[in-house]
Amino acid sequence: MSIVVTGATGELGRLVVERLLDTVPAGRIVAVVRDKEKAAPLAARGVELRIADYDRPETLAGAFRAGDRVLMISASEVGRRVPQHTALIEAAKAARVAQLAYTGVLGGPDADFLLAAEHKVTEQLILDSGLPHTFLRNGWYTENYTANLGPVLEHGAVVGNAGDGRIASATRADYADAAAAVLTGEGHLGAAYELSGDVSWSLDEYAAVVAAATGKEITYKRVPAAVHQEILVGAGLPEPFAAILVDVDEAIARGLLAGTSGDLARLIGRPATPLADTVASAVASA
């Protein structure tokens with residue numbers, strides 16, 4: 001039995017493989033990747049590579065083996081995920097994998113914002129497949145904010161249409177630790193984990209944390225959804241993706257990313273990374 005990570009050279013997948021290497025012999029870890037050269041450092045450490053592409057279902061036939069524990073990291077191309085995920089699920093079913101863990105979105109079937117739509121369809125596809133499964137419903141990543149500090153520091157403002165909504169974010173490393181725990185532990189089949197940070201925060205509070213870390217005056221500038229859309233498009237984002245981000249802010253305003261179930265901390269055996277720590281690291285490396 002191998003532990004298989006799809007999208008293993010992506011930002012989340014790479015971290016999951018690193019966590020697995022801390023506790024699992026490299027020979028039991030499989031990285032499913034599109035680009036063999038990009039994954040060469042993993043192969044050099046003894047990780048098995050299986051080359052497959054979500055957009056080429058025929059390549060997925062050799063990606064899995066009977067008894068494998070598989071982490072299916074959601075595809076990155078919003079709008080194309082359902083056919084991509086369908087191909088992977090069918091391949092996993094044909095191979096008779098022992099576990100299919102899927103990185104979905106906080107709230108699962110109750111999440112009613114645009115970014116959640118494909119995740120909800122994927123969860124249903126997994127249920128319909130009959131595969132032994134675990135749903136890892138990841139909340140918002142703190143890095144979604146801290147990776148974009150440049151404009152915030154330049155303009156002295158965090159811009160959004162989230163109102164006073166709160167966000168219980170965690171870091172990619174936190175979510176990676178949770179995935180590794182589920183792939184290596186027992187008792188997780190059939191479970192749906194609502195993964196989020198231990199403490200929620202508002203964009204006002206985020207602005208204050210950035211201000212404290214940088215010594216600059218940073219405020220949260222509330223704007224209507226239409227204005228936020230114009231700002232994002234003006235900054236170079238494609239209109240459809242800008243619309244998704246604006247819709248996420250509206251979901252935040254409705255409290256859909258504020259849940260603090262404690263599932264993440266229980267899985268990883270420690271508190272989730274505090275917002276201030278992630279901001280401080282981002283400022284130090286800026």
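Me: Which strands does helix α1 lie across?
Reply: Helix α1, residues 11–23, lies across β1 (3–6), β2 (29–33), β4, β5 and β6 (133–138). Its direction is at about 160° to β1. Axes here are lines fitted to C-alpha atoms, for helices over the stretch in contact, and angles run from 0 to 180 degrees between N-to-C directions. Contact means heavy atoms within 4.5 Å, and helices (H or I, at least four residues) and strands (E, at least two) are DSSP runs numbered from the N terminus.

Me: Before I go on, what should I know about the model itself?
Reply: This is a predicted model, where local features need pLDDT of at least 70 and side-chain atom pairs count only at pLDDT 80 or more, while totals for chains, interfaces and linings use all residues. Residues are numbered from 1 along each chain as its sequence is written, and side-chain values use heavy atoms, with hydrogens and water left out.

Me: Thanks! What order do the strands of the sheet come in?
Reply: The order is β3-β2-β1-β4-β5-β6-β9, an open sheet of seven strands with parallel pairing. Two strands pair if DSSP finds at least two bridges between them. β3 (48–51) and β9 (192–195) are the edge strands, each pairing on one side only. On average, neighbouring strands of this sheet are turned by 20° against each other, direction ignored.

Me: How many bridges join β4 and β5?
Reply: Four, in the parallel sense, between β4 (residues 69–72) and β5 (residues 99–105). Arg69 stands opposite Gln99 in β5.

Me: And β2, is that strand enclosed or open?
Reply: Five of the five residues of β2 are buried, so this strand is largely enclosed by the rest of the structure. Buried means under 20% relative accessible area, exposed over 50%, and partly exposed in between, with a 1.4 Å probe and protein chains only. Ile29, Ala31 and Val33 cover one side of β2, and Val30 and Val32 the other. β2 also pairs with β1 in the parallel sense over four bridges, with Ala31 as the bridge partner of Val5.

Me: Switching to packing. Which residues of the largest nonpolar core touch the most other members?
Reply: Val16, Leu20 and Leu71, out of 37 residues in that core. A nonpolar core is a set of buried Ala, Val, Leu, Ile, Met, Phe, Trp, Tyr and Cys residues joined through side-chain atoms within 4.5 Å. The elements giving two or more residues are β1, α1, β2, α8 (172–184), β9 and α12 (263–268). The largest share, seven residues, comes from α8. Another core lies apart from this one, with 29 residues including Leu149, Leu203, Ala207 and Ile252.

Me: What does Leu71 touch?
Reply: Not counting residues up to four places away in sequence, Leu71 touches Val4, Val5, Thr6, Val16, Ala101, Thr103, Leu136, Ala179 and Leu183.

Me: Quick geometry check: how far apart are the end C-alpha atoms of α4?
Reply: They are 21 Å apart, which agrees with the 21 Å that its 15 residues (81–95) should span at 1.5 Å a residue. The expected span is 1.5 Å times one less than the number of residues. The buried residues of α4 pack against β1, α3 (57–60), β4, β5 and α5 (117–129).

Me: What happens just after α4?
Reply: Arg96 takes a positive phi of about 60° there, although Arg96 is not a glycine. Arg96 is in the loop between α4 and β5, and counts as exposed because its relative accessibility is 60%.

Me: Last one: which loop holds Ser169?
Reply: The loop between β8 (166–167) and α8. Ser169 is buried, with a relative accessible area of 5%, and its contacts beyond four places in sequence include Trp140, Tyr175 and Trp201.
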